[in-house]
Amino acid sequence: MENPAQFFKAMSDTTRLQIIALLMWEKELCVCDIENVLDLSQSKASRHLRYLLNSGILTDKRKNVWVYYSINKDLPEKERMFLDLFIKISHSKEWSNLKLKFEDWVKGKVDAD
């Protein structure tokens with residue numbers, strides 16, 4: 001990333017950090033997954049996802065009518081190390097609850113298939 005300030009500004013929002021955490025755990029998610037796990041409206045989820053895309057942290061790809069998001073594989077090593085560190089240190093009750101909610105969502109999706 002050419003601008004470290006832009007990277008840290010993107011990471012300065014709780015919702016965007018939650019999106020990053022979900023994508024670190026699952027590697028690729030549809031916008032509908034993110035909306036449901038985080039209880040976000042479509043417009044709010046899209047706004048945060050667009051911010052992360054424009055910052056170079058995420059990439060997206062279209063599969064039929066759905067858009068899937070993932071961490072940018074070309075993210076510079078220093079930024080990727082920061083994301084890895086963030087996941088390792090996010091063990092508070094809030095993050096543990098998010099992880100449990102996410103795991104329940106994934107389990108529900110698998111059971112539905």
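What follows sets computed values against their definitions.

Author: This is a predicted model, in which local features need pLDDT of at least 70 and side-chain atom pairs count only at pLDDT 80 or more, while totals for chains, interfaces and linings use all residues. Residues are numbered from 1 along each chain as its sequence is written, and side-chain values use heavy atoms, with hydrogens and water left out.

Reader: Why is asparagine 72 called buried?

Author: Buried means under 20% relative accessible area, exposed over 50% and partly exposed in between, with a 1.4 Å probe and protein chains only; asparagine 72 has 15%, so it is buried.

Reader: What makes α2 roughly perpendicular to α5?

Author: Helix α2 (residues 14-26) packs with α5 at an angle of about 95°, and their axes are 10 Å apart. The axes are lines fitted to C-alpha atoms over the stretch in contact (heavy atoms within 4.5 Å), and angles run from 0 to 180 degrees between N-to-C directions. Angles of 65 to 115 degrees count as roughly perpendicular, and α2 is therefore roughly perpendicular to α5.

Reader: How do you know that the span of helix α4 agrees with its number of residues?

Author: The expected span is 1.5 Å times one less than the number of residues; for the 13 residues of α4 (residues 42-54) that is 18 Å, and because the end C-alpha atoms are 18 Å apart, the two agree.

Reader: What puts the buried residues on the same side of α4?

Author: Ala45, His48, Leu49, Leu52 and Leu53 are buried in α4. They cover an arc of only 140° around the axis, taken from the directions from the helix axis to the C-beta atoms, and therefore lie on the same side of α4.

Conventions. Helices (H or I, at least four residues) and strands (E, at least two) are DSSP runs, numbered from the N terminus. Angles under 35 degrees count as roughly parallel, over 145 as roughly antiparallel, 65 to 115 as roughly perpendicular and the rest as oblique.
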